[in-house]
Amino acid sequence: FCLRAGEKGYLWAWSDTCCIDKDSSAELQEAIGSMFAWYRRSALTIVHLSDIPNSGSFWTSEWFRRGWTLQELLAPRTILFYTPNWSLYKNLMGPNHKTNAVVMEELEKATGIESRFLTDFSPGTDDARSRLRWASWRHTTRDEDIAYSLLGIFDLHLPVMYGESAEKALGRLLVEIISLSGDVSVLDW
């Protein structure tokens, strides 16, 4: 990871898988609330798809079925996908896979998300039903994280209460979305 970042001219790299102290509830709340903004402000987001060969397809990667990776896909303006041996996905060169037509077509098919959202996403409650559908077939290790992983997508700040059920967490999320958007159709996602 650091080698690839260095090759692109970056002196610093940050990995969310090892940089958040999950033992501190205050730090965890802040991290969850800030995650979308961190990815949005990143100069480059590097995604290591450890489970697909160079000739494989996005569709087969677990990364595209995890709840937290939805904002990791939507927020950054610049993203590069790497395969298990740290080569660029399908050896597609260029500074940004979000500007590559082949990658964008595959991303649309793998995620069900239109390319206009993949390249120029704005958080908020507009088109909330679609945003909920994008997440509907994703999963998280902790049940309630399915709601928390969407906070940045909707630009919402809710208390993170681990131990509550997924239904309660999603219920709180939906109540907030409806109160801001006035759109009760989000209940049918």
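Thr125 is buried, with a relative accessible area of 18%; the cut-off for buried is under 20%. This residue lies in the loop between H6 and H7. The model is predicted.

- Beyond its neighbours within four places in sequence, Thr125 is in contact with Phe154, Ile177, Leu180 and Ser181.
- One of these contacts, Ile177, is among the buried residues of H10.
- Ser122 also has its place in the loop between helix H6 (115-119) and H7.
- Ser122 has 45% relative accessibility, so it counts as partly exposed.
- From Ser122 to Leu132 is 10 residues in sequence and 15 Å in space, C-alpha to C-alpha.

**Loop between H7 and H8**
- Glu144 sits in the loop between H7 and H8.
- Glu144 is buried, and its relative accessible area is 6%.
- Leaving out residues up to four places away in sequence, Glu144 touches Met161, Tyr162, Gly163, Glu164, Ser165, Ala166 and Ala169.
- Two of these, Ala166 and Ala169, are buried residues of H10.

**Helix H10**
- H10 covers residues 166-181, which is 16 residues.
- At 1.5 Å a residue, H10 should span 22 Å; the end C-alpha atoms are 22 Å apart, so the two values agree.
- Buried in H10 are Ala166, Ala169, Leu170, Leu173, Leu174 and Ile177.
- Seen down the helix axis, these buried residues fall within an arc of 130 degrees, so they line one face of H10.
- The face turned away from the buried side carries the exposed residues Glu167, Lys168, Val175 and Ser179.
- The cover over the buried residues of H10 includes helix H7 (128-136), helix H8 (145-148) and helix H9 (151-154).

**Aromatic rings**
- The count of aromatic pairs comes to 14.
- Phe58, Trp63, Phe64, Phe81 and Tyr89 are linked into a cluster by ring pairs.
- Arg138 lies over the face of Trp137, 5.7 Å from the ring centre.

Key: Residues numbered from 1 in each chain as written. Predicted model: local features only at pLDDT ≥ 70, side-chain atom pairs only at ≥ 80, totals over all residues. Heavy atoms only, no water. Helix = DSSP H or I, 4+ residues; strand = E, 2+ residues; numbered from the N terminus. Expected span 1.5 Å × (residues − 1). Buried < 20%, exposed > 50% of the residue type's maximum accessible area, 1.4 Å probe, protein only. Arc of directions from axis to C-beta. Contact = heavy atoms within 4.5 Å. Phe/Tyr/Trp six-rings, centres within 6.5 Å; stacked < 30°, edge-to-face > 60°. Lys NZ or Arg CZ within 6 Å of the ring centre and 35° of its normal.
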